[in-house]
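This briefing is meant for a reader meeting the structure for the first time. Please look over the sequence and the model shown here before going on to the points grouped by topic.

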Amino acid sequence: MRLRGKRGVKELLEQQSQLAVLEPETYKGKWNELFGNDRPIYVELGMGKGQFVSQMSLNYPEVNFIGVDMYDELIARACEKACSLWEEQGVEPRSNLKLVRANIEFLEKMFAEDEIERVYLNFSDPWPKNRHARRRLTHARFIEKYKRALNEKGEIHLKTDSETLFEFSLNSFAQMGLQMRDISLNLHRDGINESHVMTEYEQKFVNKGMNIHRVEVLIGAQALHNYRTSLS
Ligand SMILES: C[S@@+](CC[C@H](N)C(=O)[O-])C[C@H]1O[C@@H](n2cnc3c(N)ncnc32)[C@H](O)[C@@H]1O
């Protein structure tokens, strides 16, 4: 179905009630019930049209994925994206993917403590002006929200083209005493493995020859312990 105006978006979201979640507060503390299993939950915050999260849900059926964005139209586009991926691959609709309309500002209304295992921040809005620093998704006030929702294996994975946001994020993580891993200033030069999944924005920036910056942040005690053990 082609999206035509607000009515088209509304109709599509109604038809996709298995995939699109418009009232995520209902599932706070109950996401595993909704998925029907106890598998870990990985969340992309600010998924845009959902290319990354849809592809990841296909590649990793043993993980539950949630893509979050705040606009109906993007949720509808992400539903279309997931459906066309399933069709292209000739697979049945996957139940390990939910596309959620929510504002990240209110993350605590959506997830209980320790409910999720990974947060992906892919090409988040950089908010380059200093006076907008509080809006950056790696500002300490947001990291506190992620820390609360993440479990003992919890990690944050961040990719961005923005040097300013990357510098700000590394400082934010360091000031909060968080352990970082695999920092790259030019991900595609350093070599990505075949399991690497690109986002829409990443594809655009890589085509223009821009550098992609990436870092993983270990939040949960178990994640930190495993990392330290791997070093010794
Ligand atoms: C620059 S786009 C990146 C999209 C995608 N992750 C990618 O890499 O192609 C940032 C997305 O974050 C979403 N976003 C920004 N602030 C948000 C918020 N407070 N809550 C939910 N989504 C938000 C925007 O709507 C937009 O779709």
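This is a predicted model: local features need pLDDT of at least 70, side-chain atom pairs count only at pLDDT 80 or more; totals for chains, interfaces and linings use all residues.

Eight strands form an open sheet, and they follow the order E1-E4-E3-E2-E5-E6-E8-E7 with mixed pairing.

- Strand E7 pairs with E8 in the antiparallel sense, and four bridges link the two.
- Ser 184 has Arg 214, in E8, as its bridge partner.

**The nonpolar cores**

- The largest nonpolar core holds 32 residues, of which Trp 31, Leu 45, Ile 66, Val 68, Phe 111, Tyr 146 and Ile 156 touch the most other members.
- Two or more residues of this core come from each of several elements, including helix H2 (31-35), strand E2 (41-45), strand E3 (64-69), helix H5 (140-149) and strand E6 (150-160).
- Helix H5 gives the largest share of this core, namely four residues.
- When neighbours within four places in sequence are left aside, Tyr 146 is in contact with Leu 45, Ile 104, Leu 107, Val 119, Leu 121, Leu 137 and Ile 156.
- Another core, of 24 residues, lies apart from the largest one, and among its members are Ala 20, Phe 65, Cys 79 and Leu 97.

**The ligand and its surroundings**

- There are 17 residues around the ligand, and those that come nearest are Gly 46, Asp 69, Asn 103, Asn 122 and Thr 199.
- One nitrogen atom of the ligand lies 3.0 Å from a polar side-chain atom of Glu 44, and a polar backbone atom of Gly 46 is 2.8 Å from a nitrogen atom of the ligand.
- In the side chain of Asp 69, an N or O atom is 2.6 Å from an oxygen atom of the ligand.
- On its own the ligand has 600 Å² of accessible area, and the protein covers 89% of it.

**Asn 151 in strand E6**

- Asn 151 is part of strand E6, and this residue counts as buried because its relative accessibility is 17%, which is under the 20% cut-off.
- The side chains of Asn 151 and Glu 117 are joined by a polar contact of 3.1 Å.
- Leaving aside neighbours within four places in sequence, the residues in contact with Asn 151 are Asp 114, Ile 116, Glu 117 and Gly 220.

How values were computed: Residues are numbered from 1 along each chain as its sequence is written. Side-chain values use heavy atoms; hydrogens and water are left out. A nonpolar core is a set of buried Ala, Val, Leu, Ile, Met, Phe, Trp, Tyr and Cys residues joined through side-chain atoms within 4.5 Å. Buried means under 20% relative accessible area, exposed over 50%, partly exposed in between (1.4 Å probe, protein chains only). Contact means heavy atoms within 4.5 Å. A residue is near a molecule or strand if one of its heavy atoms lies within 4 Å of it. A polar contact is a pair of N or O atoms within 3.5 Å; within protein, one must be able to donate a hydrogen and the other to accept it, and residues adjacent in sequence count only if both atoms are side-chain atoms. Accessible areas come from the Shrake-Rupley method with a 1.4 Å probe; for residues, only the protein chains shown count as cover. Two strands pair if DSSP finds at least two bridges between them.
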